[in-house]
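Here is a short report for a first look at this model.

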Amino acid sequence: MINFKEIEISDKKWIDQLLVTADMRGCHQNFTNIFAWSKIYKYRVAQVNDFLVVKGVMDDSPYYFFPAGTGDIKTVFEVLKQDAVSNGQEFVVAGISPENIAVMKEVFPDNFEYKVIRDNFDYVYLLDKLVTLKGNKLHSKRNYINRFIKVNSDWSFEPISLANLAECWEMNLQWCKLNSHNENRHEIANETCAVRRCFDNFTELGLEGGLIRAEGKVIAFTMGEKLNSDTYVIHIEKAFGEIAGAYQMINREFAAVIQKNYPQLLYVNREEDMGFEGLRKAKLSYHPDKMEEKYWATYFELKELAV
């Protein structure tokens, strides 16, 4: 049985080392997301050989992430399987990519059933397109931005710092109140818990962000960080929906900051839509360059045919 532990901010150093080595593309394979959502999904972490292993719970059903690290991954999978058996649980691996599946089929060629989970797909965009908004497909985004600038002539953008972090949190609380009638209010409550952990540990997590002001007040903000060798990830983006163009402005302005600070990066991962129709429509409207596909895998024992 694996000796899992609750994740703490002090775990960031060793976990980041393994994640950097693995260079994985899914937004869930990231310390901030594991840490921020750990209370919601009961994430526990451990190191098995030279791999990070994460165990979570959804709807009372335990699952594991694909191990992140280097070395003999077959041994790690055997240890994970034994942990599941020892706890009387199904051996389920969540959030796996097609590349992960290829590895798993080498380790256990005929022992996993794979199920695609569309609601968990990450939306991945070319960074340059988010900055320039070139082309007919993004014409409406440019229109929104032009309208915003015309109506809010005093708008300004600034990086998030400890000096203005509290203002962003107050704006976040206002946003939550405005959306409290939303049919997804349970998920909004869960997200608020995760967002709070990001605010409380902004510096320790190494997060970066930006905000938009109009008439001196924060009307939009965003937070993210480098995800892997060629991709930046956006963890949080909030804007007052009644202010036309606010979402488009914070998206474009922060994309420009990313490009300036990380000229080597090609993509921006804007995470998943969780099956929310409005969020899916908004993310698709930016025409992602690709989707980071995710699957769930359930282990089963092969039964020998009777002779």
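Which residues of helix α5 are buried? This is a predicted model. In α5 (residues 98-107), the buried residues are Asn 100, Ile 101, Met 104 and Val 107. They lie on the same side of α5, because they cover an arc of only 115° around the axis. An α-helix has 3.6 residues a turn, so residues three or four places apart point the same way. On the other side of α5, Glu 99 and Glu 106 are exposed.

What covers the buried residues of α5? The cover includes the elements in this table.

| Element | Residues |
|---|---|
| α4 | 73-86 |
| β6 | 92-96 |
| β7 | 112-116 |
| β15 | 295-299 |

Now the second largest pocket. Its space is about 260 Å³. The lining has 18 residues, and the closest to the pocket centre are Asp 16, Val 20, Lys 226, Leu 227 and Asn 228. The largest share, five residues, comes from α1. By type, the lining residues divide into seven nonpolar, six polar and five charged.

Helix α2 also holds Thr 32. Is Thr 32 buried or exposed? Thr 32 is buried, because its relative accessible area is 1%, and buried means under 20%. Leaving aside neighbours within four places in sequence, Thr 32 is in contact with Cys 198, Leu 205, Leu 207, Glu 225 and His 235.

Definitions and conventions: Residues are numbered from 1 along each chain as its sequence is written. This is a predicted model: local features need pLDDT of at least 70, side-chain atom pairs count only at pLDDT 80 or more; totals for chains, interfaces and linings use all residues. Side-chain values use heavy atoms; hydrogens and water are left out. On a 1 Å grid over the protein atoms alone, a cavity is a set of points where a 1.4 Å probe fits but cannot get out, and a pocket is an open set with protein on both sides within 12 Å along at least five of seven lines; lining residues have an atom within 4 Å of a point. Grid points are joined across faces, edges and corners, and a volume is the space filled by probe spheres set on the points. Helices (H or I, at least four residues) and strands (E, at least two) are DSSP runs, numbered from the N terminus. Ala, Val, Leu, Ile, Met, Phe, Trp, Tyr, Cys and Pro count as nonpolar, Asp, Glu, Lys and Arg as charged, and the others, Gly among them, as polar. Buried means under 20% relative accessible area, exposed over 50%, partly exposed in between (1.4 Å probe, protein chains only). Contact means heavy atoms within 4.5 Å. The arc is that of the directions from the helix axis to the C-beta atoms.
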